[in-house]
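Subject: Structure for you to look at

Hello,

Here is the structure I promised to pass on. Please open it alongside this message.

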Amino acid sequence: MTGVTVPEPRVTVRENVALMEGYHSPQIDVRVRLNTNESPVMPPQAWLGALQAAQNQIAWNRYPDRSATKLRAAIAQHEGVASEQVFAANGSNEVLQAVMLAFGGPTRKALVFEPTYALHSHIARLAATEVVAAQRCEDFSIDLTHAIDTLAAERPAVTFLCSPNNPTGTVDAPECTDTLLAEVTVLGGLLLVDEAYGQFATHSAIGMIDEARPLAVARTYSKTWSMAAARLGYLIAPSWVVAALDKVALPYHLDSFKQIAGCLALEYHTEMSQRVAELTKERERLAVALGSLEVQQWPSGANFILFRPNHGDGQKVWEELLERSVLVRNCASWPNLSGCLRVTVGTKTENDAFLSALSDVLSEVKQ
Ligand SMILES: *Cc1c(COP(=O)(O)O)cnc(C)c1O
């Protein structure tokens, strides 16, 4: 397209978008892919069969059910809430976007506790919301006194809590959620707990959902349900929050195929729980093995572990792992995570391949 000149004045990108970096996680073809916290295995074969059969029933010439009635009812039943307390969208990222479109915006603020999932602040900014970043402690827990002071000073419309936290794996104590919720309630804000990895942890905030509480919990099919390719996530929240999200979501945003896929998946929750149990066991095995290598690691309640090599820099270790066809997430240059890498729990074979490559790399960089 060389030689094409758009006449001046040329339209410019919105100011707060022009400065943005976008989302980066390299999609590289490797033997062992442990960088995006996906499930290492496909969904159950029976689910795939049921989905293929159901596909023939779709009226492809018609728009999908706009309010995804069956899907919301199925999720509601699965989570033990009312259908009116469920919002579904194309991945929990779209759920978060809907929350920011409805409750964020110019003159409003969103609070995040860093280091955390980069998409929270990114999506908030895309919705022209000012982001306030509070810092987690050295052990990645949240200092509640500091959090309460920040809430009182900034009065954010939306406060993000990520538990288990990506990329640190930290599970916030129930008292942390209680305290933040109490404070947010007084200040007239919304507490949004991102539980993308909720099934891997010992407790969840879903049980606290109540019409009278400004609390919402986001979950996804991308991790536990082995369905990252489907792009499906949901929010459990008071019905008045869900009603607001329904106003900002595009009409018919969830296609018929996806609605069916999401409904059918829930019928395999026993298999899913078994997989979660297996991955949790593998996570513990990985943690023990990392314990005998020269790295620092942090306790994780998710399907990944954050670690930092004691010698050599993280960037170099990441590159050397990639040399050996093992891809992990490179957090080495992220604020407060200097030198850190994040490994997703894979199959036993993948984890062994990672451990052996890491052990090899660590002894090399030490010399
Ligand atoms: C992976 C992840 C998500 C999932 O996003 P989807 O859009 O549902 O794939 C959401 N939140 C966090 C913290 C994550 O790590």
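This is a predicted model: local features need pLDDT of at least 70, side-chain atom pairs count only at pLDDT 80 or more; totals for chains, interfaces and linings use all residues.

Helix pair α11 and α12
Helix α11 covers residues 314–323, and helix α12 covers residues 348–366. Their axes come within 10 Å and cross at roughly 130°. The crossing is right-handed. On the α11 side, the contact is made by Lys316, Val317, Glu320 and Leu321. On the α12 side, Phe354, Ala357, Leu358, Val361, Leu362, Glu364 and Val365 take part. Taken together, the residues of this contact comprise 8 nonpolar, 3 charged and no polar ones.

Arginine 283
This residue sits in helix α10, residues 269–291. Is arginine 283 buried or exposed? Its relative accessibility is 8%, so arginine 283 counts as buried. A polar atom of its side chain lies 2.8 Å from the backbone oxygen of alanine 302. Beyond neighbours within four places in sequence, arginine 283 is in contact with Phe200, Ser300, Gly301, Ala302, Ile305 and Val345.

Leucine 48
Leucine 48 belongs to helix α2, residues 45–55. With a relative accessible area of 26%, leucine 48 is partly exposed. How far apart are leucine 48 and asparagine 90 in sequence and in space? They are separated by 42 residues in sequence and by 19 Å in space, C-alpha to C-alpha.

Best wishes

Note on methods:
Residues are numbered from 1 along each chain as its sequence is written. Side-chain values use heavy atoms; hydrogens and water are left out. Axes are lines fitted to C-alpha atoms, for helices over the stretch in contact, and angles run from 0 to 180 degrees between N-to-C directions. Helices (H or I, at least four residues) and strands (E, at least two) are DSSP runs, numbered from the N terminus. A crossing is left-handed if the near helix is turned anticlockwise from the far one by less than a right angle, and right-handed if clockwise. Contact means heavy atoms within 4.5 Å. Ala, Val, Leu, Ile, Met, Phe, Trp, Tyr, Cys and Pro count as nonpolar, Asp, Glu, Lys and Arg as charged, and the others, Gly among them, as polar. Buried means under 20% relative accessible area, exposed over 50%, partly exposed in between (1.4 Å probe, protein chains only). A polar contact is a pair of N or O atoms within 3.5 Å; within protein, one must be able to donate a hydrogen and the other to accept it, and residues adjacent in sequence count only if both atoms are side-chain atoms.
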